[in-house]
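Subject: Structure for your study

Dear colleague,

Please find below the structure that I am handing over to you. My findings follow it, grouped by topic.

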Amino acid sequence: MFTTKQRLRETLKGNKVDRPPCICPGGMMNMIIEDIMDITSSDWPEAHMNAKLMVNLTKGLYENGGFENFGVPFCMTIEAEAMGAPVFLGTKNTEPRVTDYPMNSIDEWKKLKNIDVTEGRAKVVLDAIQLLKNEDVPVIANLTGPISLATSLIEPTIYYKALRKKPKEVHEFMEFITKNLIAFGKAQLKAGADVLAISDPSGTGEILGPKMFKEFAIPYLNKIVDELNDFAKSGTIIHICGRLKGIYKELNDLHSDAISFDSITSIKQVIEHVDNKVIMGNVSTFALEKNTPTSVIESAKNCIRQGVNILSPACGIGTKTSLENIQQMVLAAKESFQS
Amino acid sequence: MTILQKELLHELSNSVVEMDDERTTELAEQYVENKFDVYEGIANGLAHGMDRAGKLYEEEEYYIPELLMCSDVMYAGLDVLKPHLDYASTANKHKAVVGVVEGDTHDIGKNLFKIMLETTGFEVIDLGRDVPPIDFVNKAKEVGASVIGLSTLMTTTMDNMAVVIELLKKENIRDDVVVLVGGGPISQSYADKIGADGYAPEASAAARLAKELVKELKKSA
């Protein structure tokens with residue numbers, strides 16, 4: 001019999017377990033819903049600044065039959081804010097977001113601050129992880145992917161053009177960003193997180209094309225994983241949004257244990273083309289929010305049938321998603337070993 | 001049309017596709033010096049090139065960085081041609097109001113859509129990102145827009161698209177305007193469900209759809 005933590009760890013290591021775990025990491029892969037805010041009397045946006053409320057929410061979801069993990073934070077603005085971007089913390093229903101960019105051109109990265117993990121919301125995240133640390137339930141540390149962080153610090157169109165116009169400067173900028181992500185990731189893992197998840201919605205093959213994905217996304221994602229592998233005792237996950245069709249080959253070059261992806265990408269095709277990763281996905285977040293519990297169970301079972309090793313939403317879930325739908329998704333995983 | 005004009009149009013189109021801004025500026029200057037029809041220079045030269053770039057994007061030959069570079073080059077050429085444009089040929093353009101719905105700041109898709117709309121001949125009013133639903137409605141009324149383009153990358157904010165459509169109904173202007181929706185989580189079935197007029201999976205197809213739908217809108221009016 002596995003504990004929840006053992007099951008995820010063994011799955012990420014590629015070992016055989018009784019059934020797929022059902023998780024939602026946090027970070028960009030949001031797991032927090034209004035129902036849980038109400039049950040735990042812990043609301044957004046306050047929870048983004050308060051470790052205790054953060055803990056209430058992620059713990060509350062688990063304790064009410066939700067995903068089989070804890071995970072913080074609930075946004076992808078911690079790093080950008082710590083490096084100098086102004087952030088609006090959103091509302092009860094919407095996530096925090098960057099409101100302005102501290103850089104106007106790529107070479108201005110030298111003006112950015114390093115992330116200081118002893119202050120601000122970076123510290124809130126670490127405090128929350130310390131409170132969450134435990135024997136049985138895996139705690140997931142979350143990082144914003146390097147390109148997504150870069151495009152939170154400079155207008156994305158300027159960034160994407162610079163990939164062609166000023167590749168050398170972009171690489172310097174990416175080195176700086178990666179160094180900061182490693183520092184924040186290491187601090188989260190040292191505070192007691194078991195798994196590292198990196199989500200990079202702005203650094204997709206669909207946006208960049210295979211060539212630039214290989215040049216600007218993979219090396220920095222790998223650098224983070226390589227540096228933090230020893231600290232992430234239960235494993236590492238990389239989530240890439242969008243269609244993966246054009247970059248199947250490149251995905252084999254990622255150093256993470258697991259690859260997680262969007263619902264527009266076919267599980268079968270990923271399994272066919274990527275042979276060295278644990279497969280995580282990909283219940284449509286749209287279905288989770290809008291469909292009936294019965295249809296959610298069907299979607300979840302379908303993912304398991306197609307061969308996911310870890311059942312998870314395909315992206316961050318909307319706050320209006322019902323607790324019942326999440327519970328049914330988790331149940332689908334729990335019951336899958338019997339069939 | 002003289003052979004030189006034909007050649008210049010062809011070259012302008014090529015230099016946009018090839019992302020060569022200096023060459024484009026030179027060609028545009030040469031085009032103006034020869035007093036060729038400026039509107040044609042835009043439509044059959046620069047915009048033609050941008051349209052080809054959009055197709056290369058659809059075919060997965062070009063990606064976002066390339067498309068953005070092409071659009072910069074097109075605008076560099078436009079800066080040369082525009083001052084010489086006869087005002088009459090720009091009048092009576094259809095207006096389009098575009099923006100990213102409230103709660104979301106991912107505007108890359110919206111920016112591409114804007115470029116493609118301008119390429120197909122719309123005058124575009126860009127409300128930017130994180131736009132409250134009522135702002136779309138007010139702006140569309142103010143300028144007499146034929147198209148409203150709503151974009152989002154996030155599942156958490158897509159319902160604001162339905163809010164805009166409800167507001168248009170409340171203001172009794174729903175039938176006066178074509179509503180197009182787009183972005184990562186959006187699909188044709190979602191567009192149908194909220195009663196949008198159209199959806200396309202990427203910007204240049206969406207702009208072509210806008211043009212078609214506006215034609216129909218005018219026909220039925």
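Predicted model: local features only at pLDDT ≥ 70, side-chain atom pairs only at ≥ 80, totals over all residues.

**Where the two chains meet**

The contact between the chains draws on 22 residues of chain A and 15 residues of chain B. On the side of chain A that touches chain B, four elements of chain A each supply at least two residues: β3 (97-98), α7 (156-165), α9 (205-228) and α12 (285-290). The most comes from α7(A), which gives six residues to this side.

**Chain A as a whole**

Chain A contains 14 helices and nine strands. Its C-alpha trace spans about 55 × 45 × 35 Å along the principal axes. Does the radius of gyration of chain A agree or disagree with that of a compact globule? For 339 residues, such a globule would have a radius near 20 Å, and chain A has 19 Å, so the two agree. Of the 339 residues in chain A, 60% count as buried. Among the contacts in chain A with a separation of 6 or more, 74% are between residues 24 or more positions apart.

**The sheet of chain A**

Strands of a sheet pair through backbone hydrogen bonds, and they do so either parallel or antiparallel. In chain A, seven strands form an open sheet, and their pairing is parallel. Read across the sheet, the order is β1-β4-β5-β6-β7-β8-β9 (chain A). Which strands stand at the edges? They are β1 (70-72) and β9 (310-313) of chain A, each of which pairs on one side only. From one strand to the next, the twist averages 25°.

One of the residues to look for here is A:V72, whose bridge partner in β4(A) is A:A141. Helix α8 (residues 167-190) of chain A lies across β4 and β5 (195-199) of chain A. The direction of α8(A) is at about 170° to that of β4(A).

Strand β6 (residues 235-240) of chain A deserves a separate look. How many of its six residues are buried? Six of the six are buried, and the strand is described as mostly covered. Both faces of β6(A) are covered. On one side the buried residues are A:G235, A:I237 and A:H239, and on the other they are A:T236, A:I238 and A:I240.

On the β5 side, β5(A) and β6(A) pair in the parallel sense over five bridges. Within this pairing, A:V195 has A:G235 as its bridge partner in β6(A).

**Backbone details in the loops**

Two cis peptide bonds in chain A should be noted. One joins A:W44 and A:P45, with omega about -5°. A:P45 is placed in the loop between α2 (34-40) and α3 (51-63) of chain A. Another joins A:V72 and A:P73, with omega about -10°. A:P73 is placed in the loop between β1 and α4 (78-82) of chain A.

Two residues other than glycine have a positive phi. In A:S41, phi is about 50°. This residue, A:S41, lies in the loop between α2 and α3 of chain A. Is A:S41 buried or exposed? A:S41 has 9 other C-beta atoms within 10 Å, and therefore is exposed, since the limit for that class is 12 or fewer.

In chain B, phi of B:D130 is near 60°. B:D130 is found in the loop between β2 (123-126) and α7 (133-143) of chain B. Because B:D130 has 19 C-beta neighbours inside 10 Å, it counts as partly exposed; a buried residue would need 20 or more.

With kind regards

Terms used
Residues numbered from 1 in each chain as written. Chains lettered and ligands numbered in written order. Rg over C-alpha atoms; globule rule 2.2 N^0.38 Å. Contact = placed C-beta atoms within 7 Å. Pairing = 2+ DSSP bridges. Axes fitted to C-alpha atoms, helices over the stretch in contact; angles between N-to-C directions.
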